[in-house]
Amino acid sequence: MSLAIRVIPCLDVDAGRVVKGVNFENLRDAGDPVELAATYDAGGADELTFLDVTASSGNRETTYDMVRRTAEQVFIPLTVGGGVRTTEDVDRLLRVGADKVGVNTAAIARPELLGEIAERFGRQVLVLSADVRRVREDAAPTPSGFEVTTHGGRKGAGIDALEWCERAAESGAGEILLNSMDADGTKAGFDLELIRKVRARVDVPLIASGGAGAVEHFAPAVAAGADAVLAATVFHFGEFTIADVKQSLREAGHVVR
Amino acid sequence: MSSRVVVLDYGSGNLRSAQRAMERTGAEVTVTSDPRTALEADGLVVPGVGAFSACVASLKKAGGDRVIGRRVAGGRPVLGICVGMQVLFERGVEQAAVHAEDVATEGCGEWPGTVERLKAPVVPHMGWNTITPPENSRLFAGLAPEERFYFVHSYAVRHWEFVASSDRIPAPAVTWSEHGEPFVAAVENGPLSATQFHPEKSGDAGARVLANWVATL
């Protein structure tokens, strides 16, 4: 008896619509987050993550409506990240049906936010989303050689990534979504060194993200210490399925649902 | 006629998911904080997320502890979910705040026992795990042993303390799971049932548990 490794598809949504093309057959509307969520649920997803990339705050209502409609039809855990700045934002998302909320930039700007969210809603709702890269040669070094970034990985925040993850877990984050900006988009596999180093520093669950390009890439991430694995493009374009990933994990001796 | 189920709204939990998952069983579901409606329903669902102390405080403020007690006394079914299960025990011991000392909070005391932090390498216990129900379980009837349920919690009942020795009254059915150590995953005790996991978030397996509970109403 043991906990299953979670496989999590991530959907980018803008004003309540899925963006970053999804290429499935038999979908009536590939931009409909509810239909996609139901498809992934049926395909064995252990959780779903929505990353809200809506630029205008005026369009946030469409996000809430999307979460509401998804939670009414899909009965697996739902995490929503992107644009969360205050405890009121968290309250709103939880009320419309999110189970967990991802916080990224706002926590870098004001780390107290993590403790405020954890104290009000419990740490189980709080996912720290950390966009991490190796420090560039021309930039100021950090103790671990890894730094936290903002603006989708384009700007270094000058904060040591391992210290940040450790501090966030102590402050109230119940889980860490670790995005490797170096590996992201390469399809060359997860950043195993980064996963190992963060695992050694925190005892909250760790979701590995960035770099998945083949089914064989997932088991090494788990062996490096990830409790869950997240991917977007490879699932959306049907390069392989969640079931394929689970089969590969199972063959490597990991427990899956 | 379909069963009337109330999901108790005392300011805690993802009520919408609980409501919708319960509606899928065919029950007629009302989300309310009204004690009288909660008392009269065929079944009462007590959700709960977050801190034990905060949940107990809100529950008592809403009169929910008395509603639960009166329902149980009258043999009227109650289902606690996650922290909604934990608050049914005697006490919870948890950190008062990040970096603070542990403090004990009195729960509803429907069962003896303490809710404590899980001793495991990775906490919270977050994700899909298996369970071992006893043979007399009705909640898990028809579910295969390999079925998994969604858990998300840092605290749990690590020791079951209610030793019921009676030839006439069936002993409570206690279901266990394991994360670093064994803990109580569900209890079925006369009209009072509870699950540490979230059946409303556990896909088809969770739906079956809820349907099994509604079938007892």
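A residue counts as buried when its relative accessible area is under 20%, as exposed when that area is over 50%, and as partly exposed in between, the area being computed with a 1.4 Å probe on protein chains only. By that definition, 53% of the 217 residues of chain B are buried.

The model in your viewer is a predicted one, in which local features need a pLDDT of at least 70 and side-chain atom pairs count only at pLDDT 80 or more, while totals for chains, interfaces and linings use all residues. Residues are numbered from 1 along each chain as its sequence is written, chains are lettered from A and ligands numbered from 1 in the order in which they are written, and side-chain values use heavy atoms, with hydrogens and water left out.

**Stop 1: chain B as a whole**

Along the principal axes, its C-alpha atoms fill a box of roughly 50 × 40 × 40 Å. If you count contacts (heavy atoms within 4.5 Å) in chain B with a separation of 6 or more, residues 24 or more positions apart account for 70% of them.

**Stop 2: B:Lys60**

Stay in chain B and select B:Lys60, which lies in helix α3 (residues 52–61) of that chain and is partly exposed, with a relative accessible area of 32%. Which residues is B:Lys60 in contact with, leaving aside its neighbours within four places in sequence? They are B:Asp65, B:Glu106 and B:Gly107.

**Stop 3: where the two chains meet**

Now show both chains and select the contact between them, to which chain A gives 38 residues and chain B gives 34 residues. The area buried here, meaning the accessible area (1.4 Å probe) that two parts lose on being put together, summed over both, is about 2900 Å², and carbon and sulfur atoms give 59% of that area.

Side chains of opposite charge can pair when their charged atoms come close. A salt bridge is a side-chain nitrogen of Lys or Arg within 4 Å of a carboxyl oxygen of Asp or Glu, and 2 salt bridges are found across the interface of chain A and chain B. Select B:Arg16 and A:Glu72, whose side chains meet in a salt bridge at 2.4 Å, N to O.

On the side of chain A that touches chain B, the elements that give two or more residues are α2 (60–73), α3 (87–95), α5 (112–121) and α6 (161–171) of chain A. Of these, α2(A) gives the most, with 3 residues.

**Stop 4: helix α5 of chain A**

Colour α5(A) and pick out its buried residues, which are A:Leu113, A:Leu114, A:Gly115, A:Ile117, A:Ala118 and A:Phe121. These buried residues pack against α3, β5 (100–103), α4 (105–109), β6 and α6 of chain A. Just after α5(A), A:Gly122 takes a positive phi of about 95°.

**Stop 5: salt bridges within chain A**

Over all chains, the structure holds 32 salt bridges. Begin with A:Arg6 and A:Glu47, whose closest N and O atoms are 2.5 Å apart; A:Arg6 is in strand β1 (residues 6–14) and A:Glu47 in the loop between α1 (33–42) and β3 (48–52), 41 residues apart. Both A:Arg6 and A:Glu47 are buried.

Next select A:Asp91 and A:Arg120, which form a salt bridge with the closest N and O atoms 3.7 Å apart. A:Asp91 lies in helix α3 and A:Arg120 in helix α5 of chain A, so the pair ties together parts that are 29 residues apart in sequence. Are these residues buried or partly exposed? A:Asp91 counts as buried, at 14% relative accessibility, whereas A:Arg120, at 43%, counts as partly exposed.

Finish with A:Asp182 and A:Arg134, a salt bridge whose closest N and O atoms are 3.2 Å apart. Both take part in a network of salt bridges that links A:Arg134, A:Arg136, A:Asp182, A:Asp191, A:Glu193 and A:Lys197.

Key:
Helices (H or I, at least four residues) and strands (E, at least two) are DSSP runs, numbered from the N terminus.
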